[in-house]
Amino acid sequence: LGDAIMSPVQFDSNADRMPVYMIWDYTSPTGIGRLVAIEELSYSEKYIKMVAPFKWFTKDGKPPADVPECGFDGSLCIYDNSQSIAGGVLGSLVLVSIIIAAFYYGIKKKIFEEELTKVSWKINFNDVKILSKPPGSQTSSKTMGSDSVGSSVSSNIQQVMNSSNIGQYQFNLVYIKMITRSHIVLTREDMIELKQMHGWSHENINNFLGASVDPPNMCVLFKFCTKGSLKNILENPDFKMDAMFAMSFVWDIIT
């Protein structure tokens, strides 16, 4: 045992100094540290001498142990890594799925944009042949099987024929709807809608064949309905529809 400037000093049997540790608290709002405890090691014991009230920031509020529960390197605890591995595998699968979905969406969007720029619905008006009368109109007027229907169909076709809106495009008989504008500016939404309309094909839909948007001959082409307009047939007072034909007509519209 010897005396030092600050406090007594102890030595062990090997003349090694017995350490003395001081614990300072710097949690004060002023930031000034204060001495709260002194840990001394003697030959037979170790003890902590509290100098001032102090709160230990540990789970149990007591001074920390000499050695952590799992050791300083974690070798004293056995960890179950199965959950971590399962979580890693699941996370990897989710990440791969997101990457694949993003790649698929990107490819699909690229293909859609390429098809959109091709404007497959756009036609050259020079490829449209204007007809003086619809081919096969006499034959088509008899398709409904009655004189009243035939006369109504012939009347409808004659009205359309007189308006010079019947033509032929790529071996298809078409109805030409002229656009009375000086020019047309198509937005992206318009091009998407035209692309969708051009791809539709159904027996109950009058097929959209294409459009010419180059002045001065701007028009829209639809498949020509040789049986005439449904509106004109229903509004024709000379047209007589029996029950069997009416039922067949309604069934065709529904299906």
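Analyst: Helices here are DSSP runs of H or I with at least four residues, and strands are E runs of at least two. On that basis, the chain has six helices and eleven strands. The model is predicted.

Now the disulfide. A disulfide is a covalent bond between the sulfur atoms of two cysteines. Searching the whole structure turns up one. Its partners are C70 and C77, with an S to S distance of 1.8 Å. The cut-off for such a pair is 2.5 Å. The torsion about the S-S bond of C70 and C77 is about -85°, so this disulfide is left-handed.

How covered are the cysteines? C77 has 21% relative accessibility, so it counts as partly exposed. Buried would require under 20%. C219, by contrast, is at 0% relative accessibility and therefore counts as buried.

Next, a stretch that carries a record. An unreviewed UniProt entry annotates residues 85-107 as "transmembrane region". In the model, residues 85-107 are 100% helix and 0% strand.

Finally, the chain as a whole. Of its 255 residues, 22% are buried. Among contacts with a separation of 6 or more, 50% link residues 24 or more positions apart.

Technical notes
Residues are numbered from 1 along each chain as its sequence is written. This is a predicted model: local features need pLDDT of at least 70, side-chain atom pairs count only at pLDDT 80 or more; totals for chains, interfaces and linings use all residues. Side-chain values use heavy atoms; hydrogens and water are left out. Buried means under 20% relative accessible area, exposed over 50%, partly exposed in between (1.4 Å probe, protein chains only). Contact means heavy atoms within 4.5 Å. UniProt positions are given in the numbering used here, feature names are shortened, and annotations may be inferred rather than shown by experiment.
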